[in-house]
Amino acid sequence: MQCECIENIEKMLKERLSVPGKFKKPLADVKLKGTTIVMRGLDLDLVTCNPIEITLVGQKKAVESTMAHTFCPFCGVRINPEKESSNETPNQ
Ligand SMILES: [Zn+2]
């Protein structure tokens, strides 16, 4: 991601949840769910996503997958800088 929202939110959550007595044991770490790793050339990037559930005819168990976001849902900055030259806006 081009922004630091995931890191900042995890840091903020860790600070807020590090209240003595909040949990039975001391807080070790806080990870924001709803993220996935995508390939960008040879690099890996942590991006926000939504889980999706795919139901198939004749199959009881749904297939789980994720849909990576194009823009950061917290600040609106485009996640993939390679597509920055297009005319899209965060609200499209
Ligand atoms: Zn952001």
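Which residue takes a positive phi in the hairpin of β1 and β2?

## Hairpin and model basis

In the hairpin of β1 and β2, where 2 residues lie between the strands, G41 is the residue that takes a positive phi near 65 degrees; strands here are DSSP runs (E, at least two residues), numbered from the N terminus. This is a predicted model, in which local features need pLDDT of at least 70 and side-chain atom pairs count only at pLDDT 80 or more, while totals for chains, interfaces and linings use all residues. Residues are numbered from 1 along each chain as its sequence is written.

## Sheet architecture

The strands form an open sheet of 3 strands in the order β1-β2-β3, with antiparallel pairing, two strands being taken to pair if DSSP finds at least two bridges between them. The edge strands, each pairing on one side only, are β1 (35-40) and β3 (63-68). From one strand to the next the twist averages 50 degrees, with axes fitted as lines to C-alpha atoms and angles running from 0 to 180 degrees between N-to-C directions.

## Pairing along β2

With β1, strand β2 pairs in the antiparallel sense over 6 bridges, and the bridge partner of V38 in β2 is D45. Strand β2 (residues 43-54) also pairs with β3 in the antiparallel sense, over 6 bridges; there C49 stands opposite A68 of β3, and N50 has M67 of β3 as its bridge partner.

## Exposure of β2

Of the 12 residues of β2, the number buried is 1, so this strand lies largely in the open. A residue is buried if 20 or more other C-beta atoms, placed from the backbone, lie within 10 Å of its own.

Technical notes:
Helices (H or I, at least four residues) and strands (E, at least two) are DSSP runs, numbered from the N terminus.
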